[in-house]
Amino acid sequence: MMVKKRKTNKIAYAFLMPALISILIFTLLPIFYTIFISFTNYNMYHLDEFHLVGFSNYADVLKGSISKVFFPVIGWTVCFAALSTFGSYFIGMGLGILLNNPNMKEAKFYKSILIIPWALPATIAILAWQGLLNEQYGGINNLLRAVGIAGIPWMTDVFWARAGIIIVNLWLGFPYMLNVCLGGLQAIDPTFYEAARIDGATKWDCFKKITFPMLTRLSIPLIVSTFASNFNNFGNIYMITQGGPARAGSQFAGSTDILASTIYKMTTWSNRYDLSATLSVIAFIIVGTLTLINLHLSGAFKEVD
C-alpha cells in the first residue's frame, strides 16, 4: 500500500514539476531579485560594482529627497485609482438599473452598444483617445472651437490632463461594472421589492434599502480587484500623456505619473534601478494587501464542509 502511494506521489510531482519550475523562474526569482536590488546601490553610477546599503533606499523614499516625488505620486495614484474605480462603478450601476427595467424593450440593443468600450482592444481605444485629446488637431477641441468655445489644454494643464485621463479610464471601465451590476441585480430576489411595495415603500426607498446594499455587498470583491488593477494602470497614463505635464523639481515623475509609470521612468530613463526596485516593493506590498482584502471579502479563506 505504501509503495503504491509513493508511486502515485511521484507521478503527481512529475506532472506538477513543469508548473512549479515555471513559477520559480518567472515569478519567485524576479520578486526575490527585485527585493535584493532594493537593498543595494545598483544604478547608473554603480553598474559594475554595487554593494548592499541596507534600508537607505527605503529611508530615501519615505524621508529623504525622493519623498518629494513619492508622496505626491502615491497621492495622485490613490486618487486616480479611487475615482476611476468608484466612478466606473456608479456609472455602471446607474446604467444597470435603467437597463434592468423589464418595460424597456430596447434594453438588449443598448447593452450591445454600451459593451463596445470593453470589447475594443484597450491599446487601440487608448490611442484613439490620445488623438481625440490632442490640443491642436483633436476631435474634442475641434468640436468646441466649432461652437465658439476655446480649446481645452488637455496635455499642458495639470488639472485638465488628469481630468482627461480619468475620463478615458471611466469610458474604458464602466462596461465591466455595468455587467457586474446587471448580474448582481438579477441575483436579487423580486419578492423583496414586492414586500417593500406592499409596505408602502417608494422606488427610492427600495433602492436605498434593498438594491444598493445588496448590490454593493455582491460587488465589493470585484471593486477591490478593480482598484488594485487601476492602481497599476500603466498603459493608460503612459500612452496618453507619458506622465506629462512636467512636475516642477522632479526628474523622475510628471504631474500625471502614477507609481507604475514612475517606476518605469526611473528604470528606463534614469537607470536608477535601486530606487525603482524599492518603489516596486512598496507597490507590491500595497497591491498584495488589497489582494488579501479581496480574497477575504470573497470568502476564499473560508472552510467548506
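Modeller: A crossing counts as right-handed if the near helix is turned clockwise from the far one by less than a right angle. In this predicted model, H8 passes H10 with that right-handed sense.

Biologist: Nice start! At what angle do helix H8 and helix H10 pack?

Modeller: Their angle is about 145 degrees, and the axes lie 10 Å apart. H8 covers residues 158-186, while H10 covers residues 203-231.

Biologist: How do you know which residues of H8 and H10 meet?

Modeller: Contact requires heavy atoms within 4.5 Å. On the H8 side, Asn169, Tyr176, Met177, Val180, Cys181, Gly184 and Leu185 take part. Their partners in H10 are Thr211, Leu215, Leu218, Ser219, Leu222, Ile223, Thr226 and Asn230. By class, the contact of H8 with H10 has nine nonpolar, six polar and no charged residues.

Biologist: Staying in H10, what does the side chain of threonine 216 reach?

Modeller: Threonine 216, which sits in helix H10, reaches the backbone oxygen of phenylalanine 212 with its side chain at 2.7 Å. The cut-off for a polar contact is 3.5 Å, so a pair at 2.7 Å lies within it. Leaving aside neighbours within four places in sequence, threonine 216 is also in contact with Tyr89 and Met93.

Biologist: And the pockets? What volume does the largest pocket have?

Modeller: About 680 Å³. It is lined by 18 residues, and the closest to its centre are Ile97, Pro102, Tyr193, Arg197 and Lys203.

Biologist: What makes a residue part of that lining, and which helices supply at least two residues?

Modeller: A lining residue has an atom within 4 Å of a pocket point. Helix H3 (67-99), H8, helix H9 (190-198) and H10 each supply at least two, and H10 gives the largest share, four residues. The lining of the largest pocket divides into ten nonpolar, six polar and two charged residues.

Biologist: How much space lies in the second largest pocket?

Modeller: About 370 Å³. Among its 19 lining residues, Asn169, Leu172, Gly173, Asn230 and Asn233 are the closest to the centre. Two or more residues come from each of H3, helix H5 (116-119), helix H6 (122-132), H8 and H10, with H8 giving the most, five residues.

Biologist: How many residues of each class does the lining of the second largest pocket have?

Modeller: Eight are nonpolar, eleven are polar and none is charged.

Definitions and conventions:
Residues are numbered from 1 along each chain as its sequence is written. This is a predicted model: local features need pLDDT of at least 70, side-chain atom pairs count only at pLDDT 80 or more; totals for chains, interfaces and linings use all residues. Side-chain values use heavy atoms; hydrogens and water are left out. Axes are lines fitted to C-alpha atoms, for helices over the stretch in contact, and angles run from 0 to 180 degrees between N-to-C directions. Ala, Val, Leu, Ile, Met, Phe, Trp, Tyr, Cys and Pro count as nonpolar, Asp, Glu, Lys and Arg as charged, and the others, Gly among them, as polar. On a 1 Å grid over the protein atoms alone, a cavity is a set of points where a 1.4 Å probe fits but cannot get out, and a pocket is an open set with protein on both sides within 12 Å along at least five of seven lines; lining residues have an atom within 4 Å of a point. Grid points are joined across faces, edges and corners, and a volume is the space filled by probe spheres set on the points. A polar contact is a pair of N or O atoms within 3.5 Å; within protein, one must be able to donate a hydrogen and the other to accept it, and residues adjacent in sequence count only if both atoms are side-chain atoms.
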